[in-house]
Amino acid sequence: MEKKITLSEAELPQRWYNIISDLPEKPAPPVHPIELRPVKPDDLEPLFPMALIEQEMSDKRYIEIPVDVLDIYRIWRPTPLIRAKKLEEAIETKCKIYYKNESVSPPGSHKPNTAVAQAYYNYKEGIETVTTETGAGQWGSALSFACNFFGLNCKVFMVKVSYQQKPYRKSMMKVWGAEVHSSPSEETEIGRRILSESPDNPGSLGIAISEAIEVAVKDEKAHYSLGSVLNHVLLHQTIIGEEAIKQMGIAGDYPDVVIGCVGGGSNFAGIVFPFIREKLKGKEIEAIAVEPTSCPTLTKGEYLYDFGDTGKMTPLLLMHTLGHNFIPPKIHAGGLRYHGMAPLLSHLVKNGLIKARAYPQLEVFEAAVTFAKSEGIIPAPETSHAIRCVVDVAKEADREGKPKTILFNFSGHGHFDMTAYEQYFEGNLEDYFFDMRDAKKNIEELREINRNISMS
Ligand SMILES: Cc1ncc(COP(=O)(O)O)c(C=O)c1O
């Protein structure tokens, strides 16, 4: 049996999969942030190109990937599926573990799967500048990489804590030509307001999104780009699962469990949605989304309409949320510090098709080191949440005497996360556990907004 199951470029999937077309119950629409009625395509025009708005609202099962996007995907796709034999030996499991290695993209994660598509559609519609937020720095790097290919300016608002923890992510973005600001910044009204109220604010994805949107709406040649959460982002990521299905077939295996970490939900949706398509047709398959205990959106959040950002500029989305004012503790998995969750993923969790688990960061880093020592690749702290869960699921299956085949998404490498590993080895990392009492006021406020929403 081969360690790496690879596909040729000719086998690269030519279409993204839109799960909405197969869902018996359709997800609720986004709602206008002021008028509190369902959003119309025109409402989104200042932010996104029409092609992406159409994808956001589409219920077509498959969407063709443009040739120019496929051309750039070929730089690193198809990505390998790897049998983690050495990890299996290290944790002494009888389970079979496979992982899809999305860390082989030049920026180091799954994020360019949507960044390239988003940059392409913006370029096609004559946009000159794309603005965005970044938490871990992976998304900002991916969008900088993508914009570079289409001659677009890229302005990135990087959450302050990550900006300080990961200076080389910033340099990477600059190599590809992007402009990078620590968020909250002095560049925007919302940034200045937050800094005047709390000068030491560590920043959050919610704040950085507000800043990026503010810049985009003030410039008619600029658009905003989001690295997760929205339907079109999840759609672009399904290339991961489509490849994985072919590769599991070549391996002569099929997963009992599919696992991925979740921040806004895009890498997990990317690997799991094509498998959920099979589950909806009757295949037995378990799907587990993994999040940090410090920001446990799916396991502790409320299922309500909430804003995607702190400044209340985005449409309201029906999702699991800890409230848009929630500032997650400064954990090192910056990409998982998001108060909300992709509405599509939330919908599937609500309907019982996907389960969720939360882990504290010390256990997560322990699993990351086990993985790095056995399989050789150093995982991103975000990805390490998935690895922690894989190890636990394997041990649980062993205890029950029913070994399983486990597939997980290796969403990114941790080459820029050495400060985090350093702090782990020095014993300077602590665990955080979210307490709903901290978010109570926030959630009460949201309930009031939810009562005023009109679906007509
Ligand atoms: C390596 C990696 N994995 C996972 C995530 C979480 O995002 P998502 O849930 O959208 O995949 C991030 C976000 O920055 C990331 O950088």
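With 29 C-beta neighbours inside 10 Å, Ala212 counts as buried; the term applies if 20 or more other C-beta atoms lie within 10 Å of a residue's own, while 12 or fewer make a residue exposed and values in between partly exposed, with C-beta atoms placed from the backbone. Ala212 sits in helix 10. Helices (H or I, at least four residues) and strands (E, at least two) are DSSP runs, numbered from the N terminus. Leaving aside neighbours within four places in sequence, Ala212 is in contact with Thr131, Thr132, Glu133, Phe157 and Tyr224, where contact asks for C-beta atoms, placed from the backbone, within 7 Å. Ala212 and Arg399, by comparison, are 187 residues apart in sequence and 48 Å apart in space, C-alpha to C-alpha.

A word on the model itself. It is predicted: local features need pLDDT of at least 70 and side-chain atom pairs count only at pLDDT 80 or more, while totals for chains, interfaces and linings use all residues. Residue numbers start from 1 along each chain as its sequence is written.

## The chain as a whole

The secondary structure comes to 18 helices and 15 strands. A compact globule of 456 residues would have a radius of gyration near 23 Å, and the 20 Å of this chain agrees with that; the radius is taken over C-alpha atoms, and the globule rule is 2.2 Å times the number of residues to the power 0.38. Along the principal axes, the C-alpha atoms fill a box of roughly 55 × 50 × 45 Å. Buried residues make up 57% of the 456 residues. Of the contacts with a separation of 6 or more, 77% are between residues 24 or more positions apart.

## Two open sheets

Strands of a sheet pair through backbone hydrogen bonds, either parallel or antiparallel. Here, two strands are said to pair if DSSP finds at least two bridges between them.

Strand 1 pairs with strand 4 (residues 81-83) in the antiparallel sense over 2 bridges, and Lys4 stands opposite Ile82 in strand 4. Axes are lines fitted to C-alpha atoms, for helices over the stretch in contact, and angles run from 0 to 180 degrees between N-to-C directions.

Another open sheet has 4 strands in the order 8-7-6-9, and its pairing is parallel. Strand 8 and strand 9 are at the edges, each with a single partner strand, so one side of each lacks a neighbour in the sheet. On average, neighbouring strands of this sheet are turned by 20 degrees against each other, direction ignored. Strand 6 (residues 129-134) and strand 9 run parallel, joined by 3 bridges, and Thr131 stands opposite Tyr224 in strand 9. Thr131 and Tyr224 are also among the contacts of Ala212.

## Helix 9 against helix 10

The axes of helix 9 (residues 189-197) and helix 10 (residues 205-217) come within 8 Å and cross at roughly 145 degrees. Glu189, Ile190, Gly191 and Ile194 in helix 9 meet Ile207, Ser210, Glu211 and Glu214 in helix 10. By class, this contact has 3 nonpolar, 2 polar and 3 charged residues. Ala, Val, Leu, Ile, Met, Phe, Trp, Tyr, Cys and Pro count as nonpolar, Asp, Glu, Lys and Arg as charged, and the others, Gly among them, as polar.

## Backbone points to look at

Most residues other than glycine have a negative phi, and most peptide bonds are trans. These places are worth a look in the viewer:

| Site | Backbone value |
|---|---|
| Arg77 to Pro78 | cis, omega near -5 degrees |
| Ser183 to Pro184 | cis, omega near 10 degrees |
| Val229 | positive phi of about 70 degrees |
| Lys312 | positive phi of about 55 degrees |

Pro78 is in the loop between helix 3 (67-73) and strand 4, and Pro184 in the loop between strand 8 (179-183) and helix 9. Val229 lies in the loop between strand 9 (222-224) and helix 11 (231-251) and is buried, with 26 other C-beta atoms within 10 Å. Lys312 lies in the loop between strand 12 (302-307) and strand 13 (316-321) and counts as partly exposed, with 17 C-beta neighbours inside 10 Å.

## Around the ligand

The ligand is surrounded by 20 residues, the closest being Gln138, Ser228, Gly263, Gly335 and Gly412; a residue is near a molecule if its C-beta atom, placed from the backbone, lies within 6 Å of it. This shell divides into 6 nonpolar, 13 polar and 1 charged. Helix 6 (138-150), helix 12 (266-280) and helix 16 (381-400) each supply at least two of its residues.

Definitions and conventions: Contact = placed C-beta atoms within 7 Å.
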